[in-house]
Structures are given as structure tokens and as C-alpha cells.
Amino acid sequence: MKRDPGTSPVTEKSLFHWAFRDNLKLQLILLSLILLIVGARVVPLEMQKRIINDAIALKNLDALFLYCLIYIIALTTASALKLAINYLQALIGERAMTVMRKELYEHILGLPLHFFRTTQPGMVVSSLMTELSAAGTFAGMAFAVPLTNILTLLAFTVYLLWLNPKLAATTLVIYPLVMLIIPQLQKRANQANKKRVDISRSTSSQIAESISGIHEIQVHGAYRQESDKFGQLAERLKKVRIRWSLFRFGIKTANNYFTGLGPFIVFLYGGYLVMHGQLALGAMVAFLSAQEKLFDPWKELIDFYQVYQDATVRYRRTMRSFTTTPDFTLELPAGDAPRLSGELAVHALTYDTTDGLRLLNGVSFSLQAGEHLAVVGFSGGGKSTLIQCIGKMFPYSGGSIQFDGRELSELGKMEIIRDIGYVSQSPFIFTGTVRENLLYARQALPAAPQAGGTEDLDRQILVLQQVGLFVDVMRFGLETPLEPEDAETTRRILAIRARLRQEFGKKLADCIEFYDWQSYHRTSTIAENIVFGSGGSGSGRDSGRPGPDNQLFRQFLGTTGLLLPLVELGLSLARQAVDVLAGLGGIELFFKNSPVPADQLERCEALTSRLPHGGGSDLPRQDQDFLLALALQFTPANHTMTRLDDELAADILTARLLFAKQAAGLLPGGFTPYGETALIPGQSILNNIFFGRIRPGMPSAQERINRAVMHTLVEEDYLEKIAAIGMESPVGTMGDRLSGGQRQKLAIARVLLKQPSIILMDEATSALDNKSQTRIQRLMTNRWRGKRTVIAVVHRLDSIDTFDKIAVMKAGKLVEYGSYQDLIGQRGMLHELIYGKNLPDA
Amino acid sequence: MNSSTEKICQTPELQENLQLFGELPCFATFPPKAMKLLAFLAERYRFADGDLIFEEGDDFGRLYLLLAGHLRLLAGKGQNVVCEFRPKEFLGTFSLLGRLPALFSLEATTASTVLSISREQLAKVVEQFPECANSYLHSLLRELHRWEARSCRRVAGGGQEQLGVTVL
């Protein structure tokens, strides 16, 4: 994180800086390989000449073998060297690009917040991931390619001049010509390329904006507007890309054409010289060959030139968009800076936006360490801006903010981060586990304590309890599916289950329907009542599912005499569903407690209209199976429209016993009946502990069960284990598995864990329910008062009487400041905010 | 009700719901098919002694018909009892109309069972049977009128400034 003030910022660095920084050794190795390869490339040319002139012409077989041998060795060496050079180039390129990306990314993360308000994430992504890759490719080539090719060119040129100066001079005339034309074309290509980079970036931003606002787009059906916006950009991009390609290929073609003129001149002029005896035929062949070989390095040089131009354009454009300098440095001051006590004095504070808008106007107040201030007022009054200035999230324009008499602008950002905790209204939760998010702020501190000790776990649990998230974390832990664990875990969980049943069994009987082998389980389906256990591999519900399609199971129902009664039950369910729900459309809400799912109602209608009276025994097999499937999913406790016949329930209990006996054959993969001494693998720890199902229709059931389970876990000394499991549970992508309230609680907890002396809260409890808000309020009043300074932007005015001071903001000004009682007594703005304008005297 | 209805063995619960809702003035004039749907959708909730059913400030959005037990409505931080409910009595008809933060809390003082319909459920029923909307509003209006007429008689001695809801 430390930045050396002596060096220039990352965005100012030249492209060549990256090619050579940390890569000097590799570049030197590359250079030596290049010198070797140039030599290895010239040798075959000389050998060609000698093979023809000395060996073939003089019929010297030994010489032929020798020259051929040297030829092949040189060729092989050149190929091997080329491979090594390519590898090194790629290595240097990737290294340079990675360093470039890392440093730029670090730079971007530190950029001021206003930068991100106007920057689309898509632009940052495309800059870092796409545009910089060209610069990386260039970094790998920056040294090796021009050097290899210039040296090769020089070597061939010298060789050609040595062979025949006149002929050489004539053929080489082409190259200056090419060097005149190509830069002209390149200039045009660069212009197109600059435009292309800019339009690409706008397109990325446009896409990012549309995706961010997808909710609005779909709600308003604005598909066409967004497609049009994108379409226009895509069209412009197409045009500029075509133009760009045209110039790029123009350069290539021009180059090919002019270098193709080389052999033409050799044939014409060289042929003339040979005919006049001024040049040996072998020399002309060698000349032709060398002349053709000039083409490759030349082409590579031109390619390099194009890559260089492209990379420079992209690199400059990319870096230029991030040239904003960070507002603050991140270093800690030298030595041990004293911790902030929490004493704060704000004087004549002003804040102007970059557009010149004054959001804070002469705000002054002071707080003793440990005092609590509520900031209230009208929206747009500058409440959030005020606490964000105090939290050093952006620099203030005028006035002063002093902590313990030290000016905020002179305190390092890291010092502020260490001693000030900030909780925003809609905190961001990172993809990961609860624990990772909990430790997020603390781990960023310079001397982050090591997480993991039991003491640390205790502290984490305490913080979770304080903010009211502990119950949620426990629930996450309890809802974690039970893995096939070791014998110890099994023993412990069974012990907890037994204790819960013993101590709370009677009290919870109206909340939980415990699994009991002897009685019909009304909150389970008929299928679950028959297969009263977990079977197959993993969850009992998924594998070897007992249904009409399962032949063995169908046969089993036949032998137990359940088949027909169940078909009859299915028919009865279908008739009742049709009676109540037919013709109402597939509204989800109506089918919540219906034994017939919405998508099957139509079939029920058809079936019952064919069979207005009578039983289902005469129905074809297909219809019977359909009704059987309905009946097997029938759950008396939920599907209250239909009654389960007592006789049928008794028969199901008999079948249950028989199923357990025959389970080995019926459910491949093993079967564990629901019993007191067995766990249900794949089901949650909680289900394994209370071992039953929650009865519907008792809103407080969950809470009562939780209390009983917690109590038992404490008694069995297993609470922390479950909490630890809960803290490892993932919060989903960007915390999407947490509710708004849970996210706010987690955000408060992560700030608390680092124990700051000043806590800034920007409507930090707005998503919490009444109870949770009261809890945080209590925490502030009882635990923080006198110890931590709190500045809270508060939206609910019914709870601000617990704050020491109230600040009322309006249009960037502090219009009232004082204790709650005083301000209410004044009957000013606060009174108006709470009681409204026209209240008659109470 | 169509011809097949008689043949279907309904649970006592569904029939009971039908009968109970039939006695409620706000549903009494609903067409039979809508009543049946409402009775099907209605949920029974059980509360333990001391359970808070909703709290002041909550948008509870439900009609509660007390089947068994005892409920009381509490106001303010002092938890003053506003009124009490015994079986067959109901509350929450206004809350079915739209979002409204509760001015009171509702507490069960013994183990209680209620039959309940949510705002969302009623809205979906009204979507299917639009004529229900008017009949529901009329019944509320009648109820409000009756309530104020009763209040007028009660406060004849003084406190008239609290009256006048029906001319709002």
C-alpha cells in the first residue's frame, strides 16, 4: 500500500518503463540470444554460395557434406534460438502486463470517490483487462523485436554490399521509399484507433449502465431504447473499426508490394551483370536469397511499428482516464501516532463539489470524547456529506475538522481508518462467508490481529450478539446440512436431540410435530409417511423417489392394499381443487395450500369432467398414476381442504412397518428409518436436533424452537461449535443471501470488531425492524456512551432523545444544535420535524 | 355451487371457514364462489399466551377473526389497553385496504386461535371477482357509520371534538 513519493504516479509512466522494470536481466539474456540468432541466420547464406561455387561447381563431395552440415547446424540453432526468444518475449510481456495491471488497479482503488460516481465499472474492467493487453504484448517486443530485426537487416545489408555493392545499392533504394509512405498511413490508422478506443469505452460504459439499471429497463419495458443506444454506438464502432483495419492492411499491402520489387530488380540488373561476366551465378543466387531474406525482418519491423503505435495509443488513452490523483496517501505516520480519543471540533466547515455546488456551508459544533450526536434534517440537507467529510472520505473545501486538536487534513488516511468506523445506509457485503465479512475491516488495519484463536471467536460472537446477528448466524449454522460426520459429532447431536425432547418435548408439542414411528405424521406427505426415513444416497427426498413411476414402489402399494384408496384420495383432491380453483387462472397465491399444483389443475378438470361420479378404479393406468402422484404428495396439515380418512392413515402406518422391512430391496443405496438413535444425513443440523417438522399456523413457533434449541446447545456446550459453522456459511454473491437488515447488522458488526473510538453511522439502522433498532439503540446508550463518540444520521426521530446532542441540518447549514430537551423546548426546526408545522398547543 | 359439490367430502375446516366468513358483515355479500375461495385461502394461526401478533408501526395487513382465546389491543409505550377481543370478534378490516402502520399492538393474553385473511389474498380474490370490491367498501362504510353513531350517543356529555370521522 505504501507509495514512494519520489516516483511518478503509475499513470504517468512510459510504456518502456514496464518493459524494462524488473525485466532488465531477462532483456539482456534476450539480447545475447538475438546476437546469436543473427549470426545463425547469416551462416546459411554464405553456405549456399559456397555449396554452389566451391562444392557443386568443383565437384568437391567432402566440401558439399561439410557445408551442408554447417548449413543444417546453423538452421537448427536459429530455430531453437527463435523458440527461446519467443518464450522470453512472452515471459517479459506477461510480467510487464501483470505489474502494470496490479499497480494500476491499486491506483484505481485509491482514487477519490467522486471519480467513481462518474465512472462506469465496465470502463474500468475493459481498461484493465482488454486495453492493457496490447501494452503487455508490446512490452515483450519492445527490445527484442526491433533489435533482432535491425541487426538482421544490417547483417544482410552488409553481406549484400560485400557480395556486390552496386546491385545491393540498387535494391536497397526501395526501403527509404517505404519508410516515407508507411508513417503517413500509420498516422491515419492511429487516429482511427484513438477513436476506436474511445468508442469501445463508451460502449462498455453503456452496457454497464444498462445492466446496472436492468430493473428499470424491464419494469418500463424500455428494451428498444436501450437497444437503440447500444446500436448507435455499435454502428459507430463498426465504421471506425473498418477504417482502422483499412489503414492497417493498407500498410501491410504497401509494404509487401515494395519489398516484392526487390527480386525484380535483382533479376533485371543482376541478370545483366551475370551476362556481362561481372557477377558469378552463385553469387547471384546468394544475392537473391539474401535479398528475399531481407523481407522477413523488414516485415517484422513494420509489424512491430504497428504494434508499437497501437499499444501507445491504447496505453495513453487508458492511463489518461485514470490520471486523477488520490485525495489522500495511505501511509501511517512515522512512529506510534497516538490513538484518537474521540474528541471532535468542527469549525466553519464548507464542502463544495467539483461542479461548484456548496453542500456544507459553515458548519460548526464540537463533541467531547464519548458523546453521541444525532444528525437529523431534511433530505438534501448535507447530513451524509457532513459525516463523510468527518470520515475523511473526501477532502473538505474550507473550515476545519479537528480530532484532539489535530487537523483532519493532516492526519493520515490510515490513522483515520484505524480509529473511525463508518457504516453506510446500504453497506456492501462481499462475496464470501459471514466470517470473512466480519473480519473485513479489522484485517485491513496495519496491525491486524490474527484471527482464529478461541479468544477471538468469543469476541466475534460477542460482537454478533451485540448487533443482534448472533441468532441469524446460529440459524445459518443450524441450517447447514449435516455431512456424514465422525462418530463424535453424531454422538453429540443425538445427545442434544435427546435432551431437547426431554426438557422441551411437551412445551414444544404445539410447534413441532416430532417424528414418531407409532403415529401418522400430519406435516409430512403420504409418501414420506410410508417411507419414514432417509434413503438412497444423500437426501431421502431425491433418490429412489417413491412415486408412481417407481415400479417397485407401485407394486409395494399394490401388495399393501394402498393403491386403490390412494387413487380414490387423489380423485377426491382433484375434485375439490377443481371445485374451488377452476377458472381462476394460475395465480400462485391460490395454490399455496392446494394439494394440486397450478400446472396440473387443467388435467384435473379434464379428468373430473369425464368422471363426474364414481370412483377411480375404472380409470386407465395413466390417469391412476396421475391421481396417485397427487395423493402421495398430500400433506394433511397444509392441505386443509381435504381430510385424511382415519382408516387410510392407519393402513399407511401398517405399510410403513412393512416398508422398513423391505427397504433394502425397495430403496437402493441404503435406508435409515427415522429413529431416536440415527441421524438424517443431508438434512440440516436443526432438523436433526428437533427431529420433526414445524407445524404450520404458529407464527412464534420458529422463535420458540430457536430458544429451546439455543438453551439446549448452551447446556450441552455446543453453541460455539454451531456459531463457528454458521460463520463459515456463504453470504452469496455480494451478500444476496442476507436480508437488508442482516447486511446492516453485519456492517455494524465489522466496524465494531475493530473497536474504533469514533463511529459514524449514515442511517445505518434504516433496514432494521423495530426490535433490532431498539437493540442497537440500547447498545449505543449502554455500552458506547462515554467510550465511543457516535455521530449518526438518523431517519427515525422517535428514538433520538437518547443522544447527547442533536444537530438539525438544512440546505448545508447547521440550523439547530443542542440537547433534545433544549431543542424541543425552543419549538424550532426539530419540533417542526417531529410534530409537524401546524400542531396546536398540546 | 355446482352439482358436484355435494359429493365432495370437505373438511370440517373449510365448511367452518365458510360459515364464519358468512357471518362477517364485510364478506357477507360476496358471491358464493368468492366466499369459497376466501374460505380456502384463509389461514388459521395459533398464538401462545403473551405473543405479540403485531406491533405499533407494523403494517400488518390482515383481518383476524378470533376463534378461541383472548386478545387485547395496546396503545403507546404505557401499553394501555384500548380494547379486548373475545371469540367471534374480529379486527383488521381497514388494514386489508392498503398499507397502514398500526397505531396499536395486538397481544394474545391466553393461547388463542384466529382465522386470518391477508391483504394480498383479498386483493387477488377481488381481482377475480371485481364486484367484491364495492361490497367490501360498502360494508366498511356501514360499519364506520354505525361506530360513529354509537360514539355520538356515548359522548353526548362532552368530547364531541373527537367525532366526525364519517364526514372526513
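In the predicted model, Arg72(B) has Glu107(B) as its bridge partner in strand 7 of chain B. Strand 7, residues 104–108, runs antiparallel to strand 4, residues 71–75, and five bridges join these two strands of chain B. Both belong to an open sheet of four strands in chain B, with the order 2-7-4-5 and antiparallel pairing. Strand 2 (52–54) and strand 5 (80–85) of chain B form the edges of this sheet, each pairing on one side only. On average, neighbouring strands of the sheet are turned by 30 degrees against each other, direction ignored.

In chain A, strand 3 (residues 372–377) is largely enclosed by the rest of the structure, because six of its six residues are buried. In a regular strand, side chains alternate between the two faces of the sheet. In strand 3 of chain A, His372(A), Ala374(A) and Val376(A) point one way, while Leu373(A), Val375(A) and Gly377(A) point the other way; all are buried. Strand 3 pairs in the parallel sense with strand 12 (residues 789–793) of chain A over four bridges, and Val375(A) has Val793(A) as its bridge partner there. Strand 3 also runs parallel to strand 13 (residues 805–810) of chain A, to which five bridges join it. In strand 13, the bridge partner of Leu373(A) is Lys805(A).

Ala629(A) lies in helix 23 (residues 621–632) of chain A. This residue is partly exposed, because 16 other C-beta atoms lie within 10 Å. Beyond its neighbours within four places in sequence, Ala629(A) is in contact with Gly547(A) and Pro548(A). Pro548(A) is 81 residues from Ala629(A) along the chain, yet their C-alpha atoms are separated by 6.1 Å.

Notes:
Residues numbered from 1 in each chain as written. Chains lettered and ligands numbered in written order. Predicted model: local features only at pLDDT ≥ 70, side-chain atom pairs only at ≥ 80, totals over all residues. Pairing = 2+ DSSP bridges. Axes fitted to C-alpha atoms, helices over the stretch in contact; angles between N-to-C directions. Buried ≥ 20, exposed ≤ 12 C-beta atoms within 10 Å, placed from the backbone. Contact = placed C-beta atoms within 7 Å.
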